[in-house]
Every structure is written in C-alpha cells, then in structure tokens.
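Good morning, and thank you for joining.

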Amino acid sequence: MGEKNGFEDFIRRGLEDGVVLEPGRLASIEALAAAEAARRGSSGRFRFRLGAWGGPTLAAACLAVVCGVWGPSNLSCRRGAVPESAVVQAIGLLAANDGEEDGFSGSLSAADALLAWMDAPYKAALSASSPGD
Amino acid sequence: MTDDAELLRAYARRGDVASLSALVRRHAVWMQAMLRGMLRSPADADDAFQETWARVMKAAGSYRGGKVKSYLATVARSAAIDAMRRAGRFVPLDAADGERGESAAESVPDGSPDPGERFESSATAEDVRAAVCELPEGQRQVVLMRIEAEMTFREIADSMGVPLGTALTWMHSATIALRKRLGGA
C-alpha cells in the first residue's frame with residue numbers, strides 16, 4: 001500500500017479499500033425510508049383527526065358553541081362564540097382532506113357541512129371507482 | 001453543503017427521503033468498513049448496514065443534537081452486536097483485552113500516535129483487514145470507532161459502557177499489535 005501519512009490514515013485506507021455503496025442497497029434503504037415516512041405521516045394524520053369518531057365529536061362541539069348551548073357564559077372565551085362561518089370553513093378543510101372536491105359554499109349551515117364531510121370519503125371512493133360518471 | 005443534523009431533522013420532520021438518502025451516501029463507506037471490521041463477514045455487514053439505517057429512520061424524531069457521525073456509529077455498533085448475538089458469536093467485552101482502570105489514561109495521554117508521524121508499510125488492504133479482525137473484541141471495537149467513526153475516546157467509552165481509561169488502553173494495545181503485525185516503521 002506504500003507510504004501513508006499517519007498510522008490511523010493507513011489503517012482507514014486499508015479498511016475502506018474497495019468499499020462502495022451499491023446502488024441497489026441505496027435504493028432499498030430509500031424505499032424503507034419512504035415507507036417509514038408514510039407510516040409516520042398517516043399516524044400523524046390519525047392523531048390530527050382524533051380517530052373516526054373524534055372528528056365528528058369535535059365538530060359537534062363546535063356546533064354546540066355556535067348554537068349557543070355552550071356560550072361565553074359557560075366557556076371562558078375572551079372573544080365570545082365562534083361564528084358559524086368559521087366552523088363551516090374548518091369542517092370544509094377537514095372534508096377537503098378526505099377527498100371532498102366540491103367545496104363548501106358560504107351559505108351552507110354548519111350542520112349541513114358536517115353531513116357533507118361525513119359523506120366525503122364515500123363520494124371520493126365512488127368517483128374513483130367510476131371515473132366516467 | 002447541508003450539515004448532517006439538518007438532513008436528519010429534515011427526514012424526521014418532513015419525511016424528506018432525499019435528505020435521508022444524502023445522509024446515507026455521505027456516511028456509507030466508513031459505516032460499511034466499520035461493520036465489516038466488527039462482523040468480519042461482508043454479507044452480515046450489509047444486513048447490519050441496512051438495519052442501522054432502519055433504526056435511524058425510526059428514531060430520527062428523537063435525535064436531540066450532538067455529532068451525527070458519533071450517533072450513527074453508536075447505532076451501527078448496536079446493530080452489529082445484535083447480529084453477533086443472533087449468530088451466537090457475541091463475545092462480551094473482556095477486561096483482559098488490556099489494562100483496565102482510570103489510571104491507564106494517565107500513561108496513555110491520548111491513546112493515538114503522533115498525528116504528524118509518517119507510517120510506512122508494504123501491507124495490503126487485505127493485511128490490514130485481517131490484522132484488525134484478529135484483535136480482541138474490545139480493542140477491535142475501539143479501533144473501528146476511533147478510526148472509522150472519528151469518535152473521541154470519551155464518546156467511545158460512553159458508547160461501549162467502559163471507563164475512559166479502558167478505551168484508551170485498548171486503543172494503545174491495539175496500536176502496538178497492529179504496528180507489529182503490519183510491520184510499520
């Protein structure tokens with residue numbers, strides 16, 4: 001191996017001689033990384049939606065605030081109750097995340113928006129299975 | 001050039017596969033060399049290499065700073081030791097590999113040769129690998145983590161769970177054995 005500068009460098013060169021990262025190995029690690037990222041991404045989304053029943057429950061709680069069942073008198077809201085349009089907008093975002101493409105009009109009530117959100121995954125599944133319709 | 005910690009965090013936070021891939025390419029050669037030295041078999045080393053990155057991916061979110069190369073080396077060592085256990089080839093670290101105790105640190109100030117020295121030898125890469133593979137377990141691990149992962153002796157001692165003096169003594173003993181075997185001037 002000839003003359004080298006330093007003992008540790010000499011050993012390092014010997015150990016690393018001919019060692020390369022094979023493209024196939026890199027590809028398999030990248031595939032593993034993508035799968036792990038997807039797994040973590042989906043579990044994060046699950047937490048965000050609080051599960052299948054948690055989401056509607058949260059929306060129902062928002063509705064309750066709008067409808068005055070819970071108001072500033074029994075919630076310490078410094079700004080008062082959330083306007084219904086904001087609740088509709090929030091539900092619209094959740095529905096869009098579930099595949100709702102039509103968008104919610106400003107005139108939609110919170111109750112109708114909630115029902116539309118619950119239908120969104122089924123609508124998305126139906127349109128995916130029958131693209132010609 | 002994006003630093004290692006940034007690449008690791010980009011994968012942990014955004015699932016950025018390109019960042020993880022850049023990290024793998026950057027650290028592939030030394031890590032594979034270290035794993036081959038530890039496991040002695042290229043096939044076992046390849047499996048441990050993949051296992052190391054799988055563990056890094058899973059734990060990326062819990063990375064809290066520090067030298068990424070040392071972190072990777074610690075994960076790689078752990079993957080290699082698990083592979084040895086599975087293969088029934090695990091050898092517990094033996095104090096008899098070298099003198100044990102903090103006092104050893106005093107007699108071996110840094111455990112490594114003078115950085116300015118020139119080392120001459122006609123030994124081949126194969127000779128070097130064989131010589132490293134013949135070292136006792138503890139000495140071999142210290143040499144590999146010091147030379148390949150460029151860890152400090154404190155980091156090596158912490159990673160191996162041995163006193164600093166033991167890590168220094170093992171490096172010192174290994175250096176003497178390797179020089180003798182490889183015929184350095």
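I start with B:Arg140, which lies in helix α7 (residues 137-147) of chain B; helices here are DSSP runs of H or I, at least four residues, numbered from the N terminus. The model is predicted: local features need pLDDT of at least 70 and side-chain atom pairs pLDDT 80 or more, while totals for chains, interfaces and linings use all residues. Residues are numbered from 1 along each chain as written, chains are lettered from A and ligands numbered from 1 in the order written, and side-chain values use heavy atoms, without hydrogens and water.

Is B:Arg140 buried or exposed? B:Arg140 has a relative accessible area of 1% and is therefore buried, a term that means under 20% with a 1.4 Å probe, protein chains only. Its side chain reaches the backbone oxygen of B:Leu135 at 3.4 Å. Beyond residues up to four places away in sequence, B:Arg140 touches B:Gly37, B:Met38, B:Arg40, B:Val132, B:Cys133 and B:Leu135, where contact means heavy atoms within 4.5 Å.

I turn now to the nonpolar cores. The largest has 67 residues, and A:Ile11, B:Met34, B:Trp53 and B:Leu178 have the most contacts inside it; such a core joins buried Ala, Val, Leu, Ile, Met, Phe, Trp, Tyr and Cys residues through side-chain atoms within 4.5 Å. Helix α2 (residues 17-39) of chain B gives the most to this core, with 12 residues. Another core, of nine residues, lies apart from it and includes A:Trp117.

Finally, A:Phe7, A:Glu8, A:Phe10 and A:Ile11 in α1(A) meet B:Met171, B:Thr175, B:Leu178, B:Arg179 and B:Leu182 in α9(B).

Definitions and conventions: Helices (H or I, at least four residues) and strands (E, at least two) are DSSP runs, numbered from the N terminus. Buried means under 20% relative accessible area, exposed over 50%, partly exposed in between (1.4 Å probe, protein chains only). A polar contact is a pair of N or O atoms within 3.5 Å; within protein, one must be able to donate a hydrogen and the other to accept it, and residues adjacent in sequence count only if both atoms are side-chain atoms.
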